Amino acid sequence: MSHFIAPSLLSANFLKLEEEITMVNQSEADWLHLDIMDGLFVPNISFGFPILNRVKQVAEKPMDVHLMIVDPDRYLDRFRESGASIITVHYEACTHLHRTIQAIKQTGARAGVSLNPHTPVLLLQEIIKEVDLVLLMSVNPGFGGQTFIEQTYRKSRELKTLILAHGADTLIEVDGGVTLDNARSLVDAGVDILVAGNTVFSSSNPIETIHQLKHC
Ligand code: DX5
Ligand code: ZN
């Protein structure tokens, strides 16, 4: 498949949320990325169910929900009810990751696992066949607009090798510091989905920027 683009709403203008989502609807974006932060797993708090439920009413692209929260199992059903098509949890936040992955799938959503920059790809070898998507954090999670961590290229290639070795069809998503300058190199390193917050929403022409990311 050609790679997907998932604009991250964290960098949108929240006073104009409906306009921002409509822009994404009208663009070549494939998914809408939504960052949920609890102030515990990451040193920031973003937004929760009331916002998601409103976003759901306007969004026409699948909602790609990235949970940066401890004990995500408590809320999986509610995230699904709030519109999530993809639910991604952090490896570092899940003691019983296998159980959590099954629980996500039972909601009807696709199941993703995210790795922080310091977490090795090989830790996923026992579970890779169960996982629909692996999200590689290319910044430390918690904030938009940070600088891309270069080791992500190598991690993506390692992850691709792991996926192929297990005969899995897991997708690779990269999140953090994605720009028009590094997008092509990431796709060449095996990345299937590019998340972009600042690059899209700080652009003077976000629709054109999404087009450029899509055709990088
Ligand atoms: C960071 C979030 C990202 C963030 C990316 O913790 O997971 O999705 O919105 O923002 P940019 O693209 O600006 O680095
Ligand atoms: Zn994210």
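**View 1. Backbone contacts of ligand 1.** In this predicted model, an oxygen atom of ligand 1 is 2.7 Å from a polar backbone atom of Gly142. A polar backbone atom of Gly177 lies 2.8 Å from an oxygen atom of ligand 1, and for a backbone N or O atom of Gly197 the distance to an oxygen atom of the ligand is 2.8 Å. Taken alone, ligand 1 exposes 380 Å², of which the protein buries 99% (Shrake-Rupley method, 1.4 Å probe).

**View 2. Residues around ligand 1.** There are 20 residues around the ligand (a heavy atom within 4 Å), and Ser8, Asp35, Gly142, Gly145 and Asp175 come nearest. E2 gives the most to this shell, with 3 residues.

**View 3. The Phe14–Phe47 pair.** The structure holds 5 aromatic pairs (ring centres of Phe, Tyr or the six-membered ring of Trp within 6.5 Å; planes under 30 degrees apart are stacked, over 60 edge-to-face, the rest tilted). The ring centres of Phe14 and Phe47 are 5.8 Å apart and the planes stand at 45°, so this pair is tilted. Phe14 is partly exposed, with a relative accessible area of 35%, whereas Phe47 is buried, at 10% (buried, under 20%; exposed, over 50%; partly exposed, in between; 1.4 Å probe, protein chains only).

**Notes.** Residues are numbered from 1 along each chain as its sequence is written, with chains lettered from A and ligands numbered from 1 in the order in which they are written. Local features need pLDDT of at least 70, side-chain atom pairs count only at pLDDT 80 or more, and totals for chains, interfaces and linings use all residues; side-chain values use heavy atoms, leaving out hydrogens and water.

Note on methods:
A polar contact is a pair of N or O atoms within 3.5 Å; within protein, one must be able to donate a hydrogen and the other to accept it, and residues adjacent in sequence count only if both atoms are side-chain atoms. Helices (H or I, at least four residues) and strands (E, at least two) are DSSP runs, numbered from the N terminus.
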